[in-house]
Amino acid sequence: MMDFFLDKNLILESNCSFKDAEFAILGVPFDSTSSYRPGSRFGPLAIRKELLELSKPESFFKKRIFDLGNVNVVHGNLRETNRRVEETLQQALRENPRVVPIILGGEHSVSYSSIKILHERYKDLQVAHFDAHADLMDDYLGEKWSHATVMRRAKELSIPGSKLGDADSIKKAYDMGIDIVQFGVRVVDESEKKLQKTLKKALDPGRKTYISIDMDVLEPGLYPGVETPEPGGLTFQELLGLLKPIKNVVGFDIVETNPLFDKGDVTSVTAAKIMLELVLNSGK
Ligand SMILES: [Mn+2]
């Protein structure tokens, strides 16, 4: 692998060569657009550390997992950070077209890049989006590129030219865009409602699926280590129950883990456990 944008200061050992890997972990320690309590830049390291400590079933060690390291992000510059994530993922998929990328955030805005690159590869890609927030704003406080706008930007990816005119063309374009199915969303801004209504309500089991998990989908009373806590979230068991039936997973991310606001590392432990479960669930 080209290492130009990668910080290889790792604590996980890869158990295979990159070409043979079924899964590739890529950390993106970026949190510059966080609007409440930043700190998810420390997520990728904390999640890896807890993955080491978790008890793992025998079947886990049969999986071939390669840790690519962390992207050298540019704090304060989401667009350049996204570009580096995209370049890294493109190269990774060129060298190993079957690998399933696992993105560890970092804030939610980094999911745009993995969705973009996987959508280039799989035209029928659909996104399973787990979050307390809809993340469908067109802009947040005037900023188009933000954790709060990421799913709208993703939705626009498959719209030719991304130029939206009258209401009819907007509707048509969104009907054509990447299908996003949301789970656990309990905060929807007035400006998001129209677009949210057009989203599909269920995943298509036959299509390639990308899973994006914002850790604030969980109940913050139990898992407080997030950037934007919102009461009324899912339990871990409820989340697993929603993840289990999802098939054809071609990539996933776990974002918004914030070790600075965690209690006893429980949110990082849980993020690591979710990664473990998804690896076990999405094997070939
Ligand atoms: Mn989010």
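Select Gln 126 and Thr 209: in E7, Thr 209 is the bridge partner of Gln 126. The model on the screen is predicted.

**Strand E5 and its neighbours**

Now widen the selection to strand E5, residues 126-130. On one side, E5 pairs with strand E7, residues 209-214, in the parallel sense over 5 bridges. To find one of the pairs here, pick Phe 130, whose bridge partner in E6 is Phe 183.

How many of the residues of E5 are buried? The count is 5 of 5, and the strand is mostly covered. In a regular strand the side chains alternate between the two faces of the sheet. To look at each face of E5, colour Gln 126, Ala 128 and Phe 130 for one side, and Val 127 and His 129 for the other. Both faces are covered, and each of these residues is buried.

**Helices H2 and H3**

Next, select helix H2, residues 78-95, and helix H3, residues 111-121. They pack at an angle of about 35°, and their axes are 9 Å apart. The crossing of H2 with H3 is right-handed. Show side chains for the contact: from H2, take Asn 82, Val 85, Glu 86, Leu 89, Gln 90 and Leu 93. From H3, take Tyr 112, Ser 113, Ser 114, Lys 116, Ile 117 and Arg 121. Coloured by type, the residues of this contact come to 5 nonpolar, 4 polar and 3 charged.

**Leu 234**

Move to Leu 234, in the loop between E7 and helix H7 (236-243). Is Leu 234 buried or exposed? Leu 234 counts as buried because 20 other C-beta atoms lie within 10 Å, and 20 or more is the cut-off for that class. Leaving out residues up to four places away in sequence, Leu 234 touches Gly 184, Val 217, Leu 218, Glu 219 and Leu 239. Draw a distance between the C-alpha atoms of Leu 234 and Leu 218: they are separated by 4.5 Å, although the two residues are 16 residues apart along the chain.

**The whole chain**

Finally, zoom out. The protein chain has 8 helices and 8 strands. Its C-alpha trace spans about 55 × 40 × 35 Å along the principal axes. Of the 284 residues, 47% count as buried. Among contacts between residues at least 6 apart in sequence, 78% join residues at least 24 apart.

How values were computed
Residues are numbered from 1 along each chain as its sequence is written. This is a predicted model: local features need pLDDT of at least 70, side-chain atom pairs count only at pLDDT 80 or more; totals for chains, interfaces and linings use all residues. A residue is buried if 20 or more other C-beta atoms lie within 10 Å of its own, exposed if 12 or fewer, and partly exposed in between; C-beta atoms are placed from the backbone. Helices (H or I, at least four residues) and strands (E, at least two) are DSSP runs, numbered from the N terminus. Two strands pair if DSSP finds at least two bridges between them. Axes are lines fitted to C-alpha atoms, for helices over the stretch in contact, and angles run from 0 to 180 degrees between N-to-C directions. A crossing is left-handed if the near helix is turned anticlockwise from the far one by less than a right angle, and right-handed if clockwise. Two residues are in contact if their C-beta atoms, placed from the backbone, lie within 7 Å. Ala, Val, Leu, Ile, Met, Phe, Trp, Tyr, Cys and Pro count as nonpolar, Asp, Glu, Lys and Arg as charged, and the others, Gly among them, as polar.
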